Amino acid sequence: MLSTALLLLLATQSTGISQVATAPQRIAVGDLDGNGRADAYLASPAGGRLLLRDPDGRLVPAPPYLAPIVPGREAAWRDVDDDGDLDLLVWGADPGHLLLNEEGALRDATGEAGLGAVAAISRSMEWLDMDADGREDLVLFTDGGPIAYRNLGGAHFENFGFAGLDGMAAAPAPPVTAVSAKPVLDEAAPPFPDRPENATPSTTMGASPTVSPTAPTAPTTPTSPRRSVRTSPSTTSPNSTSTAPLQLGGSCAARIRDAIQGGCLRASATPTLGMLMPLSTDFNVDAATGFVGLGTTLPSTRLQIAGSGDVSVQGGGLLQLGSDSGQNIGIDANEMMARNNGAPSPLYLNIDGGNVIVSGNGTGKLGVGTSYPTGRLHVVDAAGGDGSVVLPAASISATELESEPGIASASRDGTTSVGLNGLIATPILTRALNAPTAGYVIATCHVYTGARAGLGTSYSTWINLETSSATPASPDASILLQPNEYGWLSWTKVFQVPAGSTTFYLLGQGFEVNASPSLSTQTSAREAILTLQFFPTAYGFVQ
């Protein structure tokens, strides 16, 4: 508990306010920075001062950049722009000031709010919904008469322009009455009445209660739904369930007002329906970033759930979407599981359309039945052996083969031919294959070859598929042709390849039968198709 005299003493010692007793200074108590501690603003005609409460409970002067120095005799906290924090209104020494709270720092927004056209001194103010739009409007009582402002929301106002108010005489300012009993903040004040019609209305928002210089009286009905002011110290009832409110002074922030009961929501140290729960490791909101943490007080993202717990068919995990008895999805730190009442359930991704991208940067691998995929797609069956991938008929067309994962292809369309001689093997096609791991390549070759028109009785074409362009000593496949005769050669060959790039050469040679090999063209290759299929070693040996 902190008395008025002590507050003023702190202000005198810490801020240089030297003449405390010459005129009454009003103290507005409220949580400026949302840390749950009661800060204080001391209004003064010479310029008000802001005091912040430190973690040890002491009030210390705020840095100058947190609040502009404006004159006033009274002040009140209120969430004027409905953003969930308390703003400050100061009046009584000039036309008045609206100081908006912007992330814990006050800024004079009087002019931009539409309140800067007042020429007379504002003596008091009231809030009243005058146009039945659900927002309380502002009425200033000045030396020139009352002025009514329509609340447009978001700390913007416009003059109602009521002609009847222009000629009204200004009401005299209420006399200052000496206070003998020192007001104290009552932590154990009874809860605010459930409905607004049961509360005793305040006459001047932000004004401290006027107390007779007689003996202390019993607690009065609080004028603020957040905290009451008493004229004498009291002890906390052992049966009280109320706790220190989240924000102090002024009226409720719009975002924590009870929409049904109309009063401010109260807090409870244990989860209670209809009551706020203090922030803790179980649930924390970082005031600087707005990030929410569950299980952590230092959330690094908009929502961070910390902890451990392996998701399984029976339950567990860090997050569950859906009910226990029906379909739900459980998520832990690195797993996701679809469940239905304790049993596995299909997990649907983009069931109504849209692409599903896995490892979009091209560096990851997808394992089905294995946690250690060795290729871009690795399928293992339930027994631990090689699995199968079932594709619909004609799912891969001839034109797609060259770009399918694990398949490389090259072809010659027959527009031109490649001449083949008997001394040096001539490349018909070349194709490189980049294997992600060591494995096997099954090559399928088709070559359409023909003999030249000549005097020879017959000709022969040799075809080889090698990983070197050197001339081979014997053919993989050969065909005997008569002059001007054409025919197809087809065969399959298996290669063992390392990880990385391997180039395959489809080579051809042409001979005249019963003649010495020469560099002259004897046969030719017109059309050719080469298809390479890669299989990682993890699939087993290819025989």
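The paragraphs below describe salt bridges, a loop aspartate and a nonpolar surface patch. The model is predicted.

**Salt bridges**

The count of salt bridges comes to 12.

| Pair | N to O distance |
|---|---|
| Arg 150 and Asp 131 | 3.1 Å |
| Arg 150 and Glu 158 | 2.6 Å |
| Glu 466 and Lys 493 | 3.3 Å |

Lys 493 is buried, its relative accessible area being 19%.

Arg 150 forms a salt bridge with Asp 131. This pair links distant parts of the chain, with Arg 150 in strand β11 (residues 145-151) and Asp 131 in the loop between β9 (122-128) and β10 (137-142). Arg 150 is partly exposed at 24% relative accessible area, Asp 131 is partly exposed at 26%, and Glu 158 is partly exposed at 33%.

**Asp 54**

Asp 54 is located in the loop between β3 (49-53) and β4 (59-61). Because its relative accessible area is 13%, Asp 54 counts as buried. A network of salt bridges links Asp 54, Asp 56 and Arg 58. The side chain of Asp 54 also reaches the backbone nitrogen of Asp 56 at 3.0 Å. Leaving aside residues up to four places away in sequence, Asp 54 touches Arg 37 and Val 60.

**Nonpolar patch**

A nonpolar surface patch with about 680 Å² of accessible area includes Met 336, Leu 347 and Val 358. Leu 347 sits in the loop between β23 (343-344) and β24 (366-368) and is partly exposed, at 40% relative accessible area.

Notes:
Residues numbered from 1 in each chain as written. Predicted model: local features only at pLDDT ≥ 70, side-chain atom pairs only at ≥ 80, totals over all residues. Heavy atoms only, no water. Patch = residues over 30% accessible without salt bridge, like charges linked within 9 Å, V, L, I, M, F, W, Y side chains within 5 Å. Areas by Shrake-Rupley, 256 points an atom, 1.4 Å probe, with all protein chains shown as cover. Salt bridge = Lys/Arg side-chain N within 4 Å of Asp/Glu carboxyl O. Helix = DSSP H or I, 4+ residues; strand = E, 2+ residues; numbered from the N terminus. Buried < 20%, exposed > 50% of the residue type's maximum accessible area, 1.4 Å probe, protein only. Contact = heavy atoms within 4.5 Å. Polar contact = N/O pair within 3.5 Å; in protein donor to acceptor, adjacent residues only side chain to side chain.
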